[in-house]
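Please read the following report alongside the sequence and the coordinates.

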Amino acid sequence: MKSDPTTLFIYALSVTVLSMVSRDPRVLLALALLNLPLGTYLGRKRGVIFFLLYFLGLFGIFLNSVAFSNQGTAVLDVGPLVVREGAVKAFLRVFLRLSSILGAALIFYGLADIRELLDALECTMRIPRGFVFSLAVGLRMLALLQRDAGEILEMRAQRGHSRRPLTPGSLSSFLRTLLSVALERGLWIGVAAELRGLSLRERRPRPYRPGLGDVVLLVLLALQLTITILSMVC
Amino acid sequence: MQTVPELRYSAVDYAILGVVAAVMGVVFVVAWDFYYLVKALLGPIGARVFTYGIWFMAAPLAASLVRKPLSAFSGEVLAALVETIIPTYGGYTNLIYGVAQGLASELAYLIFGYRRWGPLQAALSGALAGPVAVTLDQILFPELITAKTFAALVLAATASGALYGLIAYGVSRVRK
């Protein structure tokens, strides 16, 4: 199913906002059921570890639910740990909310092409071209930064410092080294872009032409919007 | 006293914002593991004191490097966009947080008329993002943040933001 990056961007952002503002568990269930299965299918390339870590994170949310919302009748009584109705309800609401947010994001990750997204941000969504240029530079530099960061961490280890910069001081030292290399590259990327006439370049507006995949996503989004608004009104 | 910088950005300014976005986007992704580790050891308030400010660093770092109006906002939003595009569990919530935090951080420079870009403004920029982030947490997890903990979390996030804002200023001194 091919979809325009504009549709995917709007879809993922809108579902995230709807999930954040919804309080009704039935609405959250509907949002999760519409997004998580499709997102899991499209995002299956992320691998088992991605999903395993997500479920491990949910365990932390369950512990938080027990710490902050453990009220009402006891549901589970295991020695010193008493899980009450309030904690279960709180956990389920947060689980459904996070699942719909993750599902929408996975739909985006599964179908969007980053190069096309950058083009759509500038030409269809009319985001300022300099802003999109910054994003393009940032995304292009990720691989280089990863290599630089690996080398800096290796040097830290060889000099007897902790490999991971966990304290504010070591984070500062790590970032200063990483930035000094990256800024030099950024400076010359900027100079080269200016010499090639970045500021003189005309914007190429591209009209939004939704295809079948876009229509399917927009209908899904309209359905979720209607469910959320109806739950708030009724 | 410095003069008001012009709003027009050069390609070099945009490229520097891109560098900040990439560096901080990567740091944001790695910070999740650190956050969960500290949260397991010190609980939600301790985790906010020691780690939350990391997510507010992009704004003061970008502003201290570029020194132009809207650079704090742009730096935070771009880093959040990079964090959103590198797949994380937060998905598009990262972008929503980034826009809100960026607007709050920008205020620190706006109230000084975009004339000062020093450590005070950087600390304030990080601190102002704290209450906004905790308010968004309250919207996202209303079941897990009680009225009693809200105030403590705001204080923790604000203190953390100020600390990491200062660190961001220190890091920016790498560019003379």
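The report below covers the interface, selected helix packing and a few individual residues.

## Model and interface

The structure is a predicted model. Chain B contributes 41 residues to the contact between the chains, and chain A contributes 53 residues. On the side of chain B that touches chain A, the elements giving two or more residues are α1 (11–51), α3 (71–85), α4, α5 (119–140) and α6 (147–172) of chain B. Of these, α1(B) supplies the largest share, 15 residues. Sorted by class, this side of chain B consists of 31 nonpolar, 8 polar and 2 charged residues.

## Helix α7 of chain A

Helix α7 of chain A runs over residues 168–195 and has 28 residues. From its first C-alpha to its last, α7(A) reaches 39 Å, close to the 40 Å expected at 1.5 Å a residue. Its buried residues are A:Leu171, A:Leu175, A:Leu178, A:Leu179, A:Ala182, A:Gly186, A:Ile189, A:Gly190 and A:Ala193.

What do the buried residues of α7(A) pack against? They pack against α6 (129–158) of chain A, and also against α1 and α6 of chain B. After α7(A) comes A:Gly197, with a positive phi near 85°.

## Helix pair α2 and α8 of chain A

In chain A, helix α2 (residues 25–42) and helix α8 (residues 212–233) have axes that come within 10 Å and cross at roughly 170°. An angle over 145 degrees counts as roughly antiparallel, so α2(A) is roughly antiparallel to α8(A). On the α2(A) side the contact is made by A:Val27, A:Ala30, A:Leu31 and A:Leu34, and on the α8(A) side by A:Leu220, A:Gln224, A:Ile227, A:Thr228 and A:Ser231. By class these are 6 nonpolar, 3 polar and no charged residues.

## Helix pair α2 and α4 of chain B

In chain B, helix α2 (residues 58–66) packs with helix α4 (residues 93–110) at an angle of about 45°, the axes being 9 Å apart. The two helices, α2(B) and α4(B), are therefore oblique to each other. Their crossing is right-handed.

From α2(B), the residues B:Ala59, B:Pro60 and B:Ala63 meet B:Gln101, B:Gly102, B:Ser105 and B:Tyr109 of α4(B). The contact of α2(B) with α4(B) contains 4 nonpolar, 3 polar and no charged residues.

## B:Tyr52

B:Tyr52 sits in the loop between α1 and α2 of chain B. Is B:Tyr52 buried or exposed? B:Tyr52 is buried, because 27 other C-beta atoms lie within 10 Å and the cut-off for burial is 20 or more.

Apart from neighbours within four places in sequence, the contacts of B:Tyr52 are B:Gly130, B:Ala133, B:Ala157, B:Ser160 and B:Gly161. B:Gly91 is 39 residues from B:Tyr52 along the chain, and their C-alpha atoms are separated by 18 Å.

Most residues other than glycine have a negative phi. A:Arg126 has a positive phi, near 60°. A:Arg126 is placed in the loop between α5 (114–123) and α6 of chain A. It counts as exposed because it has 10 C-beta neighbours inside 10 Å, and the limit for exposed is 12 or fewer.

B:Arg67 also has a positive phi, near 55°. B:Arg67 lies in the loop between α2 and α3 of chain B. With 16 other C-beta atoms within 10 Å, B:Arg67 is partly exposed.

Methods: Residues numbered from 1 in each chain as written. Chains lettered and ligands numbered in written order. Predicted model: local features only at pLDDT ≥ 70, side-chain atom pairs only at ≥ 80, totals over all residues. Axes fitted to C-alpha atoms, helices over the stretch in contact; angles between N-to-C directions. Helix = DSSP H or I, 4+ residues; strand = E, 2+ residues; numbered from the N terminus. Parallel < 35°, antiparallel > 145°, perpendicular 65-115°, else oblique. Left-handed = near helix turned anticlockwise from the far one by under 90°. Contact = placed C-beta atoms within 7 Å. Nonpolar A, V, L, I, M, F, W, Y, C, P; charged D, E, K, R; others polar. Expected span 1.5 Å × (residues − 1).
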